[in-house]
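Come along and check the entries against the picture.

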Amino acid sequence: MSTAYYSHTECRLHDMGAGHPECPQRLDAITDQLLASGLAIALDQRDAPLASLEQVERAHTVNYVTQLREFMEQVQSTGEARHLDPDTVVCPGTWRAALRSAGAAVAATEAVVRGEVENAFCAVRPPGHHAMRNKAMGFCFVNNVAVAAKYAVERHRLKRVAIVDFDVHHGNGTEDIVAGDDRILMVSFYQHPFYPDGGSQSHASNLVNLPVPAYTKGMDIRELIEMMWMPRLESFKPELILISAGFDAHREDDMGQLGLVEQDYAWITMRLKDIARRFAKGRIVSCLEGGYNLSALARSVEAHLRALADV
Ligand SMILES: [Zn+2]
């Protein structure tokens, strides 16, 4: 069984301006690493389709999607970038990049649920896990993983989908969308206190949140995962695992202050593969979230993909 790799050149056309860390070069760094390491040829490379508005509206309110689309169309017609929040900028290429990102997550979910491939990675941007039901924030517009989760439970009638978020930031948008939906279990760790303010806002029983202080190292994270994630994942028995794969908890990434390294991402991936193989026919769809040190990002994605693809 193979590993699919979804991306699209239009994901590069979203550009929030010189010096912005969430930049098109992130995808170039990943592509270069996969080519130089020889891993690219082991992957089933596919173009991401555009998500439909109907797919996006499973995770977001119709009102939000309408306002976002109108805002994006205004920017396209004037050609002038505009801020949605202090660090989230819409440029003329943003709308199609956002729809490609969500479309990758949906297409990857379709491919693994149909059994075409065992698992998939979506090398996409903009990221999604801060995008709330009715609000864009933190570099995110459409919540790619939440769109995929809703697609899996509503379109394919899966009864149990797990979302695993290992980005250094709390996936507040995903939490906002899935809290209280017992078809979905969300497990995460994140630096706290940190962006976004307040960390988790929900005590819903389908959330396993592990806030950790700055400077926590990979071995301590592994221990917490073993104690706190694994028992919940084992009792939930997910039919599909979605990963919000942010690599900004890497010790070389200045965006956060956690101490993970490539081997930690490989270890987490192997643990999730074990759960997926026992309960979910191996099905994993992983979507890129953060990761801003280009070298650390590229090496971490390679380690994650080697574990996914068994190479
Ligand atoms: Zn992040």
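I call a residue buried under 20% relative accessible area, exposed over 50%, and partly exposed in between (1.4 Å probe, protein chains only). Helices (H or I, at least four residues) and strands (E, at least two) are DSSP runs, numbered from the N terminus. The model is predicted, so local features need pLDDT of at least 70 and side-chain atom pairs pLDDT 80 or more, while totals for chains, interfaces and linings use all residues. Residues are numbered from 1 along each chain, and side-chain values use heavy atoms, without hydrogens and water.

Entry one: strand 9.
I looked up residues 240–245 and found 6 of the 6 buried, so strand 9 is largely enclosed by the rest of the structure. L240, L242 and S244 point one way, I241, I243 and A245 the other.

Entry two: its neighbours.
I count strands as paired if DSSP finds at least two bridges between them. Strand 6 (residues 161–165) runs parallel to strand 9, joined by 5 bridges, and D165 stands opposite S244. Strand 10 (residues 284–288) is also parallel to strand 9, again with 5 bridges; there L288 is the bridge partner of A245.

I take a pocket as an open set of points on a 1 Å grid over the protein atoms alone, where a 1.4 Å probe fits, with protein on both sides within 12 Å along at least five of seven lines; lining residues have an atom within 4 Å of a point. I found 16 lining residues, with Y5, S7, H8, T31 and Q45 nearest the centre. Helix 1 gives the most, 5 residues.
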